[in-house]
Amino acid sequence: MQPSEMVMNPKQVFFSVLIFGVAGLLLFMYLQVWIEEQHTGGMEKKREQRATSAWGPVNYLQPIPRIMTREKIQEHITNQIPKSHVLENPKDKKENLLNSKRPTRDFMETNHSQREAQALRRITGSPTIQLTEKHQGTKTLLRKFREMDWPVDIRPLNKSLVTDSKWKRIDATQEKRRSFLQEFCKKYGGVSRPQSHIFHMVSRIYVEDKHKILYCEVPKAGCSNWKRILMVLNGLAPSAYNISHDAVHYGKHLKKLDSFDLKGIYTRLNTYTKAVFVRDPMERLVSAFRDKFEHPNSYYHPVFGKAIIKKYRPNACEELNNGSGVKFKEFIHYLLDSHRPVGMDIHWEKVSKLCYPCLIHYDFVGKFETLEEDANHFLQLIGAPKELKFPNFKDRHSSDKRTNAQVVRQYLKDLTRSERQLIYDFYYLDYLMFNYTTPFL
């Protein structure tokens, strides 16, 4: 072959370079994927090695010791960083996104300080106000909020409207509850002033402006009937007995405190009567499980049920179907897992993280165990119409026996002692704050 014949023409050179370039790119992509797989595999292996529970490779929440120092309890309270909850109904989020008048608050993705800045901008005046005046107004209101005395102090209840002597015993019990919670928070709270989570802190609080009430919603503690009462007080219905479940929960008739700007929140927290109704944590947990997983549910079964069965039931591929049939033991595994396959939900979240009782001091602390008499006493205190009484009917599944201590024992007997202890540890603060008796484990 002559030397002249060995010289490649430009077209051959181009194709050779192209082929080598593509081969190099493919090799680089393969190496990158291989490195990522090695890194991920190593992390998973370490995570499995750290898991010590007999339930399998799951890293469970560290239990709170039964005997805790003041510093440990204080740290546990102050470290409760707000987290967003899974919506009960996906329609809620869709409706919020479509409603341009009320900005949505997705706490997973939205910066809280930006949200507060937007709220501050809304209340400093119209766009015609000079920029310097708007800036000064924003700074003033934000400074007011930061200088606000946290926790919000208890306001003396107006007892002039209570004339019947039969309420004296209930009133004495109420004073004990308030004092106990206040002393607990003074002793262990040590909370600092909130900076950027105020909207989340008040996101479970419903507002009734006519009678100046703030009610913090605790699911499975009479909240459905309380919402009915608020609707009647607002003049939205003549009676609590003819308001449907869907109208209560999906009707969007009631305002929440986080729908107001900072000035509106600040004013109402300091001038309205604040109430919270709580329940024994174990009873509330079992009640939530029975309601959401033992009856047909188009949201909790596919969203929570499928994820729970898939992770905590061996060889569950054929049993996933629509997510129904979750066992209580599987639900408890999910609850205690620090790497839950699906997020937390308000129906079994701790009251200490729903209502922040050491930052917002509630004027009235009711209990589900004495719900009817506590609620009717509260209605007298706020000057509600005399004919308005708290409804005592079961909101849903009326044929089911109410969840009580006896029912709870039936569910707990299928758990090991260590599992029952972990549940108690999970709700430890709720037991302490509201002076509930430690369950027999």
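# Buried disulfides and their surroundings

C355 counts as buried, since its relative accessibility is 1%. Buried here means a relative accessible area under 20%, exposed means over 50%, and partly exposed covers the range in between, with a 1.4 Å probe and protein chains only. The model is predicted, so local features need pLDDT of at least 70 and side-chain atom pairs count only at pLDDT 80 or more, while totals for chains, interfaces and linings use all residues. Residues are numbered from 1 along each chain as its sequence is written, and side-chain values use heavy atoms, with hydrogens and water left out.

## Chain overview

The chain has 19 helices and 5 strands. These are DSSP runs numbered from the N terminus: helices are H or I with at least four residues, strands are E with at least two. Of the 441 residues, 45% count as buried. The chain exposes about 24,600 Å², and carbon and sulfur atoms supply 54% of that area. Accessible areas come from the Shrake-Rupley method with a 1.4 Å probe; for residues, only the protein chains shown count as cover. Taking contacts between residues at least 6 apart in sequence, 75% join residues at least 24 apart. A contact means heavy atoms within 4.5 Å.

## Disulfides

The structure holds 2 disulfides, a disulfide being a pair of cysteine sulfur atoms within 2.5 Å. With bonded cysteines counted along the chain, their pattern is 1-4, 2-3.

| Pair | Sulfur-sulfur distance | Torsion about S-S | Sequence separation |
|---|---|---|---|
| C185 and C358 | 2.0 Å | -85 degrees | 173 residues |
| C216 and C355 | 1.9 Å | about -95 degrees | 139 residues |

The link of C185 and C358 is left-handed. C185 lies in helix 7 (residues 167-189) and C358 in the loop between helix 15 (351-354) and strand 5 (364-367), so this pair ties together parts that are 173 residues apart in sequence. Both C185 and C358 are buried.

The disulfide of C216 and C355 is left-handed because its torsion about the S-S bond is about -95 degrees. The pair links distant parts of the chain, with C216 in strand 2 (residues 213-216) and C355 in the loop between helix 15 and strand 5. C216, at 0% relative accessibility, counts as buried.

## Other residues

R178 is placed in helix 7. Its relative accessibility is 9%, so R178 counts as buried. R178 and G366 are 188 residues apart in sequence, and their C-alpha atoms are 9.6 Å apart in space.

H249 lies in helix 10 (residues 245-250). When neighbours within four places in sequence are left aside, H249 is in contact with C223, S224, K227 and D395. For H249 and S224, the C-alpha to C-alpha distance is 7.6 Å, at 25 residues apart in sequence. C223 has a relative accessible area of 6% and is therefore buried.

## A nonpolar surface patch

F14, F15, L18, I19, V22, L25, L26, F28 and M29 make a nonpolar surface patch of about 940 Å². L25, one of these residues, lies in helix 2 (residues 10-50). Patches are made of residues with over 30% relative accessible area and no salt bridge; like charges are joined within 9 Å, and nonpolar side chains (Val, Leu, Ile, Met, Phe, Trp, Tyr) within 5 Å. A salt bridge is a side-chain nitrogen of Lys or Arg within 4 Å of a carboxyl oxygen of Asp or Glu.
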